[in-house]
Amino acid sequence: SIPATQTAAVFHEHGGPENVKFEEIAVPEPGQGEVLVNIKYTGVCHTDLHALQGDWPLPAKLPLVGGHEGAGIVVKLGPGVTQLKLGDRVGVKWLNSSCGNCEYCMASQESICPNAKFSGYLVDGSFQHYCVANAAHATKIPESVSLEVAAPIMCAGITVYRALKEAGVHPGEWVCIPGAGGGLGHLAVQYARAMSMRVVAIDTGVEKEELLKSLGAEVFLDFKKVPDMVEAVKEATNGGAHGTLVLSTSPKSYEQAAGWARPGSTMVTVSMPAGAKLGADIFWLTVKMLKVCGSHVGNRLDSCEAVEYVARGQVKPVYKVWPFSTLPDVYHAMHENKIAGRIVLDLSK
Ligand code: 8ID
Ligand code: ZN
């Protein structure tokens with residue numbers, strides 16, 4: 001049976017990990033078209049840290065329950081829900097809901113719907129045992145994919161899968177991925193390989209280097225060791241990357257990307273470091289005919305496709321499972337860039 005209250009990780013003001021409190025709050029009621037999901041596992045995305053810190057120009061709900069890589073079981077249906085039933089295994093994503101009626105929703109571009117609601121930012125997210133999700137947007141998780149494996153796909157996987165589509169890199173061409181060792185990055189390397197792209201991975205440290213090479217990155221460049229990253233990427237790719245996915249949380253990567261971009265290629269902006277600006281020289285942007293493309297999560301079909309790669313065994317999230325109670329420690333580790341892959345929280349602990 002569903003309890004009346006539950007423990008949630010809440011913050012009342014922006015700040016650091018010490019602002020996260022475990023509090024007893026009401027179990028929410030699913031409204032029209034919504035379901036209540038009993039969250040079993042949730043990934044912790046760097047977006048959750050940006051939200052905690054208050055990094056972005058978009059104001060967040062306060063107090064806020066963060067989290068948007070949830071995986072769990074449907075335990076209650078709100079009025080009008082037909083596409084899900086009790087007991088279904090679903091993911092709760094950043095895109096909690098969209099209006100369904102605007103020009104963007106009509107074109108399956110729901111992540112740019114002006115009325116979109118983001119889990120763990122504009123509505124309470126997956127850092128609680130019971131979370132509300134819009135039935136149309138909750139992603140069904142196939143039986144063959146465990147909930148802890150599915151969790152990192154619900155944001156990191158979907159996002160990089162869609163961003164790789166936006167990059168327009170053909171099989172056999174090079175994609176450059178700064179931030180490759182993180183939650184998004186280690187999945188981007190795998191989706192890129194599954195799409196027959198060649199990967200230049202940029203990050204730091206031996207642990208991430210070994211991980212990324214084992215996942216199929218042909219070239220690893222350590223941003224703490226390589227003196228001229230632009231030249232190093234150009235050399236490795238024989239003239240520049242055919243596409244770039246910027247996943248690094250350092251603004252530095254945005255200063256460099258246009259430099260290593262192959263003429264005619266696309267740079268996809270995915271990470272959102274606080275206050276970062278695009279550092280490209282307009283002269284080179286123009287004469288190299290570069291494209292800059294923002295990419296914000298993915299639509300419902302991208303979400304299903306991203307999970308299918310996992311079901312087929314082509315993509316395997318690399319993660320450690322930590323108890324729910326360690327969320328503040330995860331933020332500390334993330335702040336220090338010490339996490340290779342993802343941390344997934346076990347809500348039962
Ligand atoms: O829809 C979207 N656009 C979307 C979805 C999900 C997440 C965007 N994001 C954003 C997050 O808000 C965050 O800004 O993507 C960014 C990356 O999220 P993440 O993968 O969850 O972060 P992480 O696991 O901390 O990985 C970041 C990596 O960047 C490396 C770090 O070492 C770390 O592995 N890095 C840094 I810091 N500086 C670097 C540099 N100069 C660098 N890698 C290469 N070059
Ligand atoms: Zn995320």
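A residue is called buried if 20 or more other C-beta atoms lie within 10 Å of its own, exposed if 12 or fewer do, and partly exposed in between, with C-beta atoms placed from the backbone. This is a predicted model, in which local features need pLDDT of at least 70, side-chain atom pairs count only at pLDDT 80 or more, and totals for chains, interfaces and linings use all residues. Residues are numbered from 1 along each chain as its sequence is written, while chains are lettered from A and ligands numbered from 1 in the order in which they are written.

**View 1. Helix H8 and its cover.** In helix H8, which spans residues 252–260, the buried residues are Ser253, Tyr254, Gln256, Ala257, Ala258 and Trp260. Helices (H or I, at least four residues) and strands (E, at least two) are DSSP runs, numbered from the N terminus. The cover over the buried residues of H8 includes strands S11 (174–178), S14 (241–246) and S15 (261–269), together with helices H7 (229–236) and H9 (282–287). The mean pLDDT of the protein, where pLDDT is the predictor's confidence in each residue from 0 to 100, is 97, and 100% of its residues reach 70 or more.

View 2. The protein is divided into domain 1 (5–155 + 298–346) and domain 2 (158–294), with bounds that come from an automatic or database domain assignment. Their centres, taken over C-alpha atoms, are separated by 26 Å. Contact, meaning C-beta atoms placed from the backbone that lie within 7 Å, joins 25 residues of domain 1 to 18 residues of domain 2. On the side of domain 1 that touches domain 2, helix H1 (46–53) and helix H10 (300–311) each supply at least two residues, and the largest share, five residues, comes from H10. The residues of that side divide into 13 nonpolar, seven polar and five charged, where Ala, Val, Leu, Ile, Met, Phe, Trp, Tyr, Cys and Pro count as nonpolar, Asp, Glu, Lys and Arg as charged, and the others, Gly among them, as polar.

**View 3. The largest nonpolar core.** A nonpolar core is a set of buried Ala, Val, Leu, Ile, Met, Phe, Trp, Tyr and Cys residues joined through C-beta atoms within 7 Å. The largest one has 103 residues, of which Val175, Ile177, Ala188 and Leu245 touch the most other members. Helix H4 (residues 156–167) gives the most to this core, namely seven residues. Because domain 1 and domain 2 both give residues to this core, it lies between them. Leaving aside neighbours within four places in sequence, alanine 188 is in contact with Val160, Leu164, Ile177, Ala180, Leu245 and Leu247.

**View 4. A three-stranded open sheet.** Three strands form an open sheet in the order S2-S1-S4, with antiparallel pairing. Strands S2 (21–26) and S4 (64–65) stand at the edges, each with a single partner strand, so one side of each is left without a neighbour in the sheet. Two strands pair if DSSP finds at least two bridges between them; S1 (residues 5–11) and S2 pair over six bridges. Alanine 8 has glutamate 23, in S2, as its bridge partner.

**View 5. Leucine 301 and glycine 205.** Leucine 301, found in helix H10, counts as exposed because it has 10 C-beta neighbours inside 10 Å. Glycine 205, in the loop between strand S12 (198–203) and helix H6 (206–214), is partly exposed, with 16 other C-beta atoms within 10 Å.

Key: Contact = placed C-beta atoms within 7 Å.
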